[in-house]
Amino acid sequence: MAILGSGNVTYEVSGEEWGQLPDGWVYGDATSVAVDSHDNVFVFNRGGHPIIVYDSEGRFLRSWGEDIFSTPHGIAIGPDDSVYCADVGDHTVRKLTPDGEVLLTLGDPGNPAKAMSGKPLNLPTHVAVDPRNGEILVSDGYGNAKVHRYSPEGQLMDSWGESGTFPGTFNVVHNVAIDGDGMVYIADRDNHRIQVFEADGTYVTQWVNLSRAACIYIDTRHRPRAYVGEYYAGGASNAAGQNLGPRVTIFDLAGNVVGRLGVDSYGDDPGRFYAPHGITVDSKGDIYVAEVAWAEFNTIYPGKVFRSLQKLVKQR
């Protein structure tokens, strides 16, 4: 076990894979994770069973999605517990019931828009639901540099963003989150920052001094907080360095750092990460971190079986 953080922002972590996987199952890479209103945990993964659902103690409940998804990437739970999944392999975002019935599909499966055309969708990365009105935001981040807003019925309402490094532009729109007031938070991964926008895409501010900001979750059930998962930002020559990621950084919604979880470089030891790619928080304030360790590190450690999902238990 290890304790991460300091002061009144501390978490215990075991360093072990979380969730009681059925015998013979693996996550492959756990690309994203979300929690519903009952604290059931939905793990979007590339291990052959795309959606694996647990209760809050890690007991297996069900799985689905084997005949639906191509390449899992991002997952979110809506206010009514509908499940939203961004599939980077077939260029879609789907809305589903908690048991896997497809209710809505955004994008044309298997037929991407032209790369960097700004038109949806080309390799979408993540999705969020506006809690005020049910509108759907999609980060179209690998083949585009756009955020798209859809009506709850799936009609495209607006798109904004462009490629670049200046404020308001993107270098891999990798994750999107929305707070209770409709403010939009973008994990602008390869610009090493979080950008904050009004609901209509008007730029507000940016949070910098991050490593590669890969994912963000806004928690409004406790103190309003933003939880950011960061990749390792160093190189092979400074892998023994500290404070370069991978880690989790906790902000208040004014952009002030209230906690940093993880000091050392990547590794298996308790308190270390490989590649935080998805993050969420349950009603108790515990953090779940999904990691794409294999995708990021398989060339360094060929044949290694990586841990893909960790739970950080808030110390109360």
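Pro246 is found in the loop between strand 20 (225-231) and strand 21. A cis peptide bond links Gly245 to Pro246, with omega about -5 degrees. The model is predicted, so local features need pLDDT of at least 70 and side-chain atom pairs count only at pLDDT 80 or more, while totals for chains, interfaces and linings use all residues. Residues are numbered from 1 along each chain as its sequence is written, and side-chain values use heavy atoms, with hydrogens and water left out.

### The chain as a whole

The protein chain has one helix and 25 strands. Helices (H or I, at least four residues) and strands (E, at least two) are DSSP runs, numbered from the N terminus. The C-alpha atoms fill a box of roughly 50 × 45 × 40 Å along the principal axes. For 316 residues, a compact globule would have a radius of gyration near 20 Å, and the 18 Å of the protein chain agrees with this. That radius is taken over C-alpha atoms, and the globule rule is 2.2 Å times the number of residues to the power 0.38.

Of the 316 residues, 56% count as buried. Buried means under 20% relative accessible area, exposed means over 50%, and partly exposed lies in between (1.4 Å probe, protein chains only). The accessible surface of the protein chain is about 12500 Å², and 47% of this belongs to carbon and sulfur atoms. Accessible areas come from the Shrake-Rupley method with a 1.4 Å probe; for residues, only the protein chains shown count as cover. Among contacts (heavy atoms within 4.5 Å) between residues at least 6 apart in sequence, 47% join residues at least 24 apart.

### Strands and their pairing

Strands of a sheet pair through backbone hydrogen bonds, either parallel or antiparallel. Here two strands are said to pair if DSSP finds at least two bridges between them.

An open sheet of four strands has the order 15-16-17-18 and antiparallel pairing. Its edge strands, each pairing on one side only, are strand 15 (173-178) and strand 18 (203-207). From one strand to the next, the twist averages 20 degrees. Axes for such angles are lines fitted to C-alpha atoms, for helices over the stretch in contact, and angles run from 0 to 180 degrees between N-to-C directions. Within this sheet, five bridges join strand 16 (residues 184-188) and strand 17 (residues 193-197) in the antiparallel sense. Ala187 has Ile194 of strand 17 as its bridge partner.

Strand 1 (residues 2-6) and strand 2 are antiparallel and joined by five bridges. They form a hairpin with two residues between the strands, and Gly7 in the turn has a positive phi of about 60 degrees. Gly5 is opposite Thr10 in strand 2. Strand 2 (residues 9-13) is mostly covered, with four of its five residues buried. Strand 2 also pairs with strand 25 (residues 309-314), in the antiparallel sense and over two bridges. In that pairing, Glu12 has Val313 of strand 25 as its bridge partner.

### Thr249 and its surroundings

Thr249 is part of strand 21 (residues 247-252). Thr249 counts as buried because its relative accessibility is 0%. Its side chain makes a polar contact of 2.4 Å with the side chain of Glu230 and one of 3.0 Å with the side chain of Arg260. A polar contact is a pair of N or O atoms within 3.5 Å; within protein, one must be able to donate a hydrogen and the other to accept it, and residues adjacent in sequence count only if both atoms are side-chain atoms. Leaving out residues up to four places away in sequence, Thr249 touches several residues, including Leu210, Tyr227 and Val257.

### Loop residues

| Residue | Relative accessible area | Class |
|---|---|---|
| Gly168 | 18% | buried |
| Phe273 | 1% | buried |
| His91 | 9% | buried |
| Asn209 | 67% | exposed |

Gly168 is in the loop between strand 14 (156-160) and strand 15. Residues touching Gly168 include Gln195, Phe197 and Tyr203, with those up to four places away in sequence not counted. Phe273 belongs to the loop between strand 22 (257-261) and strand 23 (276-281).

His91 is in the loop between strand 8 (83-87) and strand 9 (92-96). Its phi is near 65 degrees, a positive value in a residue other than glycine. Asn209, in the loop between strand 18 and strand 19 (212-219), has a positive phi near 60 degrees.

Another cis peptide bond joins Pro120 and Leu121, with omega about -10 degrees. Leu121 is in the loop between strand 10 (102-106) and strand 11 (126-129).
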